[in-house]
Amino acid sequence: MAKKKISRVIKIQQKAGEASPATVGKDLGPVGINLMEFCRQYNAATQGQRGFVVPAVITVFEDRSFQLATKMPTTASLLRRAAGIESGSARPGHQSAATITREQLREVAKAKLSDLNTTDLDAAEKIIAGTARAMGLTIKA
């Protein structure tokens, strides 16, 4: 059986389980894939991760079929869940949005370790701490 020829690879970030043709239409409409089928597959794949923003990589083939691969939730959405807030600070560095503990930071780092460019948990914590500071979160020891 011959391999399908890849037409395009698209990356999107969407709330888990909440994809609809209205929310993904401007990104996926021009490539000509079936939007309802994409939404059905994406919502089924991310059903257990509701409340997070989950990136997806869509490989579109020349015959307009596609292959969907979901990734781990974004670091920012994991940090928002750990801190119990809806969004980060409007003025990071000036106003604090919330406070998280080192243990919460370590849990987020463990969850994201496979996506980061390190295998060391301490280095992963530093990367996640940088994202937390950029969101206006305070880290207490």
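Reader: What do the buried residues of helix 4 pack against, and how do you know which residues of this helix are buried?

Author: The buried residues of helix 4 pack against helix 3, strand 4, helix 5 and strand 5, where a contact means heavy atoms within 4.5 Å. Those residues are Leu105, Val108, Ala109 and Lys112, and they cover an arc of only 100 degrees around the axis, which puts them on the same side of helix 4. The arc is taken from the directions that run from the helix axis to the C-beta atoms. Buried means under 20% relative accessible area, exposed over 50% and partly exposed in between, with a 1.4 Å probe and protein chains only. The model is predicted, with a pLDDT of at least 70 needed for local features and of 80 or more for side-chain atom pairs, while totals for chains, interfaces and linings use all residues. Residues are numbered from 1 along each chain as its sequence is written, and side-chain values use heavy atoms, leaving out hydrogens and water.

Reader: Why is lysine 112 called buried?

Author: Its relative accessible area is 7%, which falls under the 20% limit, so lysine 112 counts as buried. This residue lies in helix 4 and, not counting residues up to four places away in sequence, touches Met72, Pro73, Thr74, Thr75, Leu78 and Ile128.

Reader: What makes isoleucine 100 a buried residue, and which residues are in contact with it?

Author: Isoleucine 100, found in strand 4, has a relative accessible area of 0% and is therefore buried. Leaving aside neighbours within four places in sequence, its contacts include Leu79, Ala83, Leu105, Ala132 and Ile139.

Reader: How do you know what span to expect for helix 5?

Author: The expected span is 1.5 Å times one less than the number of residues. Helix 5 (residues 121–135) has 15 residues and reaches 21 Å from its first C-alpha to its last, close to the 21 Å expected. Helix 5 is followed by glycine 136, whose phi is positive, near 90 degrees.

Reader: On which sides of helix 5 are its buried and its exposed residues?

Author: Ala124, Glu125, Ile128, Ala129, Ala132 and Met135 are buried in helix 5, and they cover an arc of only 140 degrees around the axis, which puts them on the same side of helix 5. On the other side, Lys126, Arg133 and Ala134 are exposed. What covers the buried residues includes helix 3 (75–83), strand 4 (98–101), helix 4 (102–112) and strand 5 (137–140).

Reader: What makes the buried residues of helix 1 line one face?

Author: The buried residues of helix 1 (residues 21–28) are Val24, Gly25 and Leu28; seen down the axis, they fall within an arc of 130 degrees, so they line one face of the helix. They pack against strand 1 (6–15), helix 2 (35–45) and strand 2, whereas Ala22 and Lys26, on the other side of helix 1, are exposed.

Reader: How many residues line the largest pocket by class, and what makes a space a pocket?

Author: On a 1 Å grid over the protein atoms alone, a pocket is an open set of points where a 1.4 Å probe fits, with protein on both sides within 12 Å along at least five of seven lines, and lining residues have an atom within 4 Å of a point. About 230 Å³ of space lies in the largest pocket, the volume being that filled by probe spheres set on the points, which are joined across faces, edges and corners. The lining has three nonpolar, three polar and four charged residues, where Ala, Val, Leu, Ile, Met, Phe, Trp, Tyr, Cys and Pro count as nonpolar, Asp, Glu, Lys and Arg as charged, and the others, Gly among them, as polar. The largest share, three residues, comes from helix 3. Ser77 is one of the lining residues; serine 77 is buried, with a relative accessible area of 3%, and touches Phe52 and Val53, not counting residues up to four places away in sequence.

Reader: Why is arginine 64 called exposed?

Author: Its relative accessible area is 54%, which is over the 50% limit, so arginine 64 is exposed. It lies in the loop between strand 2 (53–61) and strand 3 (66–70) and has a positive phi of about 70 degrees although it is not a glycine. Most residues other than glycine have a negative phi.

Reader: How many helices and strands does the protein have, and what makes a run of residues count as one?

Author: Helices (H or I, at least four residues) and strands (E, at least two) are DSSP runs, numbered from the N terminus. The protein has five helices and five strands, which run β-α-α-β-β-α-β-α-α-β from the N terminus on.
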